[in-house]
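Me: I want to check some labels against their cut-offs. Show me the model, then take my questions in turn.

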Amino acid sequence: MINVRPLLLLLGLFLALLAGLMLVPVGFSLYHNEGLVQDFLLSSALTGTVAFIALGSSWGCKFTLHTRDFYLFTSLTWFVVALFAALPFTFFHAISYTDAFFETMSGITTTGSTVMSGLDSAPWSILIWRSLLQWVGGIGFIAVGVAILPLLNVGGMRLFRTESSDWSDKSLPRTKEIGRSLVKVYLMLTLLCSVGYLLAGMTVFESINHAMATVSTGGYSTSDSSMTHFSTAAHWNGTLFMFLSGLPMLLYVQSLYRRSFSPWRDQQVIGYTRFVIIASLLLACWLAQSQDLDFLSALTLAAFNLVSVVTTTGFASTDFSQWGPAANIIFFLLMFVGACSGSTSGAIKIFRFQLAGAVVLKALRQHIHPSAVLPQSYNRRPINEDILRSLVAFTMLFMATIAALALFLVLVGVDPISSLTGSVTAVTNVGPGLGEVIGPAGNFASLPDAAKWALSLGMLLGRLEIVTVAVLFLKGFWRY
């Protein structure tokens, strides 16, 4: 049986936190006399009331959660939070609830796709609310990625269980303290990023918003033109902190407690770093030749936009779809990559490509030496059949989800390019797609409502690694 009362207790706690978070924009609205105080207060009151009911009906229950409860809790939390976090957008903008829910789901899943325009003149309270959604969603997914997904062995993530011997060293924090340490690291990265943006010429408000969007790898901006609106120095600051946010947050904690750089000898980190550096240099060389740019300008464009897509942030410093057909193919493929497990980024993630490469290499060697015993390992840990089965299941579901979503979008009237790239950018949590409609220079406002609900589901599926949500649709999950 599903443990309903503990789940209600957790949902009530999350909604209570959300109700409190809704009060932050109230201060901005009061200070700038925007007239939106009532909208946020009403949203907070409605959310708080539901939270009170959920907490009241479950308070004092025996708190026990099993594996099946974690699947339901993880999926239900993101969906329910999005339902209520959409209220301020609905009240303020007089936009449909569909658009408000899409904007909110895009925010808390750190996707960055938007239906809103006129951001340069939008109220500060709405802009800070969008940024807060991404920032909270980012740290929320780190918690899920560190504590829950490895426990469920989603897509091979059992390799990153925190109960491993990596945490047996007395110089490291206990498991219950890991969450607190992760929040400190997240806050420190946000603060440093904000200072960097401030020094690069942004205002205090712009630097805070963009720092939250950068460290969460979300990509919401305070301008319709995204990062094109800001200086080259801001682009390099964004590139640096997007890259840093694509690294496993646990390694920051390990380094601080061990006072050593040894945790960074991680196979995933090395692969991610090499990929970003080599791909950025190659893309810069190609841009310098094809677009007639000096190498430094080409490198700035290449590094920023490549890191933005690979880390699934979704900032844009230019409309890279205008670089020609080759660029469209390159950035379409980059959408699938992702950064490191345990970071705020989405997509497939580097470690899965490394695992797949190890499997292919073993298969080739087995053809040469059929009788050889070829053990496989990753970061000095054995790759067992359970992890490989999980990896295959994730990959198949990942591609099937994109295919089904793209087909649905075509059936509801979306053009083929927008359908394919829209489904990919939703499931990989990148943000912008390709083409004139949803490309870096466009947004998702003109899509049909059915397409927006489907893409919202795609964002949720991608953020929670597909399998976590997919198991809820099995009859056996609810049978006993």
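Reply: Start with a term. A polar contact is a pair of N or O atoms within 3.5 Å; within protein, one must be able to donate a hydrogen and the other to accept it, and residues adjacent in sequence count only if both atoms are side-chain atoms. Two notes on the source. This is a predicted model, where local features need pLDDT of at least 70 and side-chain atom pairs count only at pLDDT 80 or more, while totals for chains, interfaces and linings use all residues. Residues are numbered from 1 along each chain as its sequence is written, and side-chain values use heavy atoms, leaving out hydrogens and water.

Me: What makes the pairing of the Ser-125 and Glu-34 side chains a polar contact?

Reply: The distance is 2.7 Å. The limit is 3.5 Å. Ser-125 also touches Pro-25, Phe-28 and Phe-40, among others, not counting residues up to four places away in sequence. Contact here means heavy atoms within 4.5 Å.

Me: Why is Ser-125 called buried?

Reply: Buried means under 20% relative accessible area, exposed over 50%, partly exposed in between (1.4 Å probe, protein chains only). Ser-125 has 0% relative accessibility, so it counts as buried. Ser-125 lies in helix H7 (residues 124–147). Helices are DSSP runs of H or I with at least four residues, numbered from the N terminus.

Me: Why is Asn-328 called partly exposed?

Reply: Its relative accessibility is 24%, so Asn-328 falls in the partly exposed class. Asn-328 sits in helix H15 (residues 325–334). It touches Ser-321 and Leu-434, not counting residues up to four places away in sequence.

Me: How do you know that the span of H19 agrees with expectation?

Reply: The expected span is 1.5 Å times one less than the number of residues. H19 (residues 449–463) has 15 residues, so it should span 21 Å; its end C-alpha atoms are 21 Å apart, which agrees.

Me: What makes H19 mostly covered?

Reply: The count: 11 of its 15 residues are buried. Among them are Lys-452, Met-459 and Arg-463. Just after H19, Glu-465 takes a positive phi of about 65°.

Me: What makes Arg-352 and Glu-465 a salt bridge?

Reply: A salt bridge is a side-chain nitrogen of Lys or Arg within 4 Å of a carboxyl oxygen of Asp or Glu. The closest N and O atoms of Arg-352 and Glu-465 are 2.9 Å apart. The pair qualifies as a salt bridge. Arg-352 lies in helix H16 (residues 350–368) and Glu-465 in the loop between H19 and helix H20 (467–470), so the pair ties together parts that are 113 residues apart in sequence. Both Arg-352 and Glu-465 are buried.

Me: Why is Arg-389 called exposed?

Reply: Arg-389 has 54% relative accessibility, so it counts as exposed. Asp-386, at 28%, is partly exposed. Their side chains meet in a salt bridge at 3.7 Å, N to O. Both lie in helix H17 (residues 385–411), 3 residues apart, about one turn of the helix.

Technical notes
Helices (H or I, at least four residues) and strands (E, at least two) are DSSP runs, numbered from the N terminus.
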